Amino acid sequence: MGLGDWFHRKAQDSIATSIPNPAGCTTLYAGSHSFSLPERTSALVYTSSTPPNPDDFRTGVTITLNVATGVTSTDNHRPNVERSMVFTTLPVTTPRDPSLVEKPPYWPTYVHLSEEQRWMYLTWLQNPAAAVDLGYVFLYFYGLERRLLTSEFDPAFQEAMFLREHHEEGSFPEFAERSVLAVCTIRNRPDCARKFLTRFPCVRLNNVALLVMSRLDMGLTAEQLMGSANILKSGGKEFKKTYMSSHPTLYRACLEEILSERFERKDMPFADVLDVVEGSTTEQGLFANVSIQSLVPSVSILNIIQCQPFLDRIASVLSETYETVKERLKSARKGFDGSAVPIEPLLDTPTTTCPACGAHFARTPVSGRSCPSCGAVLRLRTDPDTHVRALMTEAQVAACDARWKERRLRSFVENAASCLDTKYADVYTAKEDLSRKKGSPALYSEVLLPLYAAKMREHARSMSWGLWRNDHYAVSELYRIGEQNMDELEALLAVCYIDANGPNNTDPSTVSLYPSFTPFQLLPVFAPGLLKRIRQLLPQLQLDEDAEKTLFLESAARVRNKYMPVSPETAWTMFVEAQESGDDGGHRAPGSA
Ligand SMILES: [Zn+2]
């Protein structure tokens, strides 16, 4: 069956499962649910009412060994059934809380989504402009890549532009750019390639975009030149970035002047330098959708980002800009009366604009200073979502820090959940249930502690005392994230006591040959980071040495078992000595006997 037939067959399938309705939307029936998709979207989504064949979605490499000859052969298994195909017979389930549905995996396929993920995906397709986990955006885009290769190029191109417009996150812009430009080339549609590159100028310079740009005689803009540091570096070019970040506006202005002097245009053309060289080529995959990769294999294209004359031209333009900026700054500093001379149009970067009154600063103020125009105290913070570093007011800082904290907490709990063989969603739900029962907010430690206790019992049973020790440490982290300082300290002291004993991972059958605990004869046995954290906690809890000792002995007694040779009293002495000798690093870690 040829490519064309295949598309034809699937296109017919989709008629059976979606029925246009009067509101400019089309109803898609999947599982026992119905979804109201925009007509343009529903026309582009691949659907099938016949059940999937699981074998069609198996990917991987099969290695076969010929026993007679000893020769191995490999077979790349890349099925070409569309990964985004919505099999409408597969079940779909409405999640109780959509925010708790697990993220779809990398390289998703509709078939392999969970029932709740399918609901998430189809619900999002009702409005593909909405924010959603990137996996779903890619899944829809996979189908668009395939449509771009069919007679539906034009509507698919419009939809790809639409999708790119609304989804800036992660690697999506790069993948979208690559396949859209590749298809525009294959289909000989320079008009669409230009439209795409004009609307979304290439941010990370790459061979496909550069090749298309050179064919369209589009040059590198000042912005793109300033962002070309990565390719200059990988091409072994040294250049001075100094003023690019300290005086971006002046730098850009000088760069634009140089471009118009040298090339009589606003950008740096480069098609001419590519013509004169016999550059090396590189193998380039074109599509994000692996089920297309087997139909349209990777191509060999000119390795422009490694092409010397191209790199030389960028480097020469940037070094001339550097010298010009340096000159201008020098002459500006020589004001007649020694007063500051305004040397450049005021900057509008997030680190040089007051978020309270909009005043511009010549350079980024020190975090904690107040704005000279409005007096607001300004701090520098990096936004956890956009990763943009910006000046913020106290209120913005509080909100930003809260989001950081939430993000750290979530990733901590996600990690803990996976170590404990459970799911974030289950942990979260358990915590919410507990909060409702108690009538006050529950802590993650309340939900996770029983799970850690079970892990500890399991490790103790199998005589894996090193892992058992790590469980205790994990519990201290759990308390730390919940800001339960006293509990954290007790857990850390227990870990110190275990470390003083030198825990080993053994197993019940070899316990007579290999001891469970082998205390070190020489100091230090305590991890420096651990001691440091304890030293932070003590003053916070206002504990003196007597109180600390009592706590140490109690914590030690709580975890001690018959295999541990070092008594709590002896361990305390070792602990005090270690604290006095300080932690200058370079020690061997506990357990490395
Ligand atoms: Zn201000």
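Me: A crossing is left-handed if the near helix is turned anticlockwise from the far one by less than a right angle, and right-handed if clockwise; which hand does the crossing of α3 and α4 have?

Reply: This is a predicted model, in which local features need pLDDT of at least 70 and side-chain atom pairs count only at pLDDT 80 or more, while totals for chains, interfaces and linings use all residues. Residues are numbered from 1 along each chain as its sequence is written, and helices (H or I, at least four residues) and strands (E, at least two) are DSSP runs numbered from the N terminus. The helices in question are α3, residues 115-125, and α4, residues 134-148, and where α3 passes α4 the crossing is right-handed.

Me: Which residues of α4 does α3 meet?

Reply: Two residues are in contact if their C-beta atoms, placed from the backbone, lie within 7 Å. On the side of α3, the residues that take part are Met-120, Tyr-121, Trp-124 and Leu-125. Their partners in α4 are Tyr-136, Leu-139 and Tyr-140.

Me: Is Glu-145 buried or exposed?

Reply: Glu-145 is a residue of helix α4, and leaving aside residues up to four places away in sequence, it touches Ser-179, Phe-287, Ala-288, Asn-289 and Ile-292. Ala-160, 15 residues apart from Glu-145 in sequence, is 8.4 Å from it in space, C-alpha to C-alpha. A residue is buried if 20 or more other C-beta atoms lie within 10 Å of its own, exposed if 12 or fewer, and partly exposed in between. Because 28 other C-beta atoms lie within 10 Å, Glu-145 counts as buried.

Me: What is the orientation of α6 and α7 to each other?

Reply: Helix α6 covers residues 172-186 and helix α7 covers residues 190-199, and their axes lie 8 Å apart. The crossing of α6 and α7 is left-handed, and in the contact Val-180, Leu-181, Cys-184 and Thr-185 of α6 meet Cys-192, Ala-193 and Phe-196 of α7. The packing angle is about 160°, and the two helices are therefore roughly antiparallel.

Me: What is the orientation of α17 and α18 to each other?

Reply: These helices, of which α18 spans residues 444-461, have axes 8 Å apart, and α17 passes α18 in a right-handed crossing. Val-427, Ala-430, Lys-431 and Leu-434 in α17 meet Tyr-444, Glu-446, Val-447 and Leu-448 in α18. The angle between α17 and α18 is about 120°, so their orientation is oblique.

Me: Is Asp-421 buried or exposed?

Reply: Asp-421 sits in the loop between α16 (394-419) and α17 (424-438), and its phi is near 55°, a positive value in a residue other than glycine. Because 9 other C-beta atoms lie within 10 Å, Asp-421 is classed as exposed.

Me: Which loop holds Glu-264?

Reply: Glu-264 also has a phi near 55°, a positive value in a residue other than glycine. With 8 other C-beta atoms within 10 Å, Glu-264 is exposed. Its place is the loop between α12 (248-263) and α13 (271-275).

Me: How far apart in space are Thr-352 and Thr-364?

Reply: Thr-352 belongs to the loop between α15 (308-333) and β10 (379-382), and it is partly exposed, with 19 other C-beta atoms within 10 Å. In sequence, Thr-352 and Thr-364 are 12 residues apart. In space, the distance from C-alpha to C-alpha is 5.0 Å.

Me: Which residue in β3 is the bridge partner of Thr-27?

Reply: Two strands pair if DSSP finds at least two bridges between them, and β2 (residues 25-30) pairs with β3 (residues 33-38) in the antiparallel sense over 6 bridges. The hairpin of β2 and β3 has 2 residues between the strands, and in it Gly-31 takes a positive phi near 60°. The partner of Thr-27 in β3 is Ser-36.

Me: What percentage of the contacts between residues at least 6 apart in sequence join residues at least 24 apart?

Reply: The protein has 23 helices and 11 strands, and of its 593 residues 30% are buried. Among the contacts between residues at least 6 apart in sequence, the part that joins residues at least 24 apart is 61%.

Technical notes:
Axes are lines fitted to C-alpha atoms, for helices over the stretch in contact, and angles run from 0 to 180 degrees between N-to-C directions. Angles under 35 degrees count as roughly parallel, over 145 as roughly antiparallel, 65 to 115 as roughly perpendicular and the rest as oblique. A crossing is left-handed if the near helix is turned anticlockwise from the far one by less than a right angle, and right-handed if clockwise.
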